[in-house]
Amino acid sequence: MENRIKSLIKKLSKLGFSVKPKNKDRLDPICGMEASSDVFTTEYGGKNYYFCSDHCKQQFDKNPETYIIK
C-alpha cells in the first residue's frame with residue numbers, strides 16, 4: 001500500500017499538482033500521509049504522533065523506534 005501511495009504522489013507531482021502537506025507536525029510516520037484529524041494519535045517520548053488510520057497507528061505502537069527519525 002505504501003509503495004502505491006508514493007507512486008501516486010510521484011505521478012501527481014509530475015503533472016504539476018502540489019502534494020506537500022499543510023502541517024508537517026501531523027505527518028504519519030508510517031506512510032507519510034498527512035493525518036486529517038486527532039482520531040488516531042499516540043504519545044511516545046514526550047511527543048504526540050498522528051496517523052492517517054488505525055492500521056498505521058498499530059504498526060507504530062508495535063515498535064515506535066523503527067519509525068522515529070532522530
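Colleague: Which strands form a hairpin, and how many residues lie between them?

Modeller: Strands are DSSP runs of E with at least two residues, and helices are runs of H or I with at least four, numbered from the N terminus. Two strands pair if DSSP finds at least two bridges between them. In this predicted model, local features need pLDDT of at least 70, side-chain atom pairs count only at pLDDT 80 or more, and totals for chains, interfaces and linings use all residues. Residues are numbered from 1 along each chain as its sequence is written, and side-chain values use heavy atoms, without hydrogens and water. Here β1 and β2 form a hairpin with two residues between them. Gly45, in the turn, has a positive phi of about 60 degrees. The strands run antiparallel and are joined by four bridges; Glu43 stands opposite Asn48 in β2.

Colleague: Is Lys57 buried or exposed?

Modeller: Buried means under 20% relative accessible area, exposed over 50%, and partly exposed in between (1.4 Å probe, protein chains only). Lys57, in helix α2 (residues 54–62), counts as buried because its relative accessibility is 17%.

Colleague: Which residues does Lys57 touch?

Modeller: Contact means heavy atoms within 4.5 Å. Not counting residues up to four places away in sequence, Lys57 touches Phe40, Thr41, Thr42 and Phe51.

Colleague: How do the residues of the lining of the largest pocket divide?

Modeller: Ala, Val, Leu, Ile, Met, Phe, Trp, Tyr, Cys and Pro count as nonpolar, Asp, Glu, Lys and Arg as charged, and the others, Gly among them, as polar. The lining of the largest pocket divides into nine nonpolar, two polar and six charged residues. Its largest share, four residues, comes from β2.
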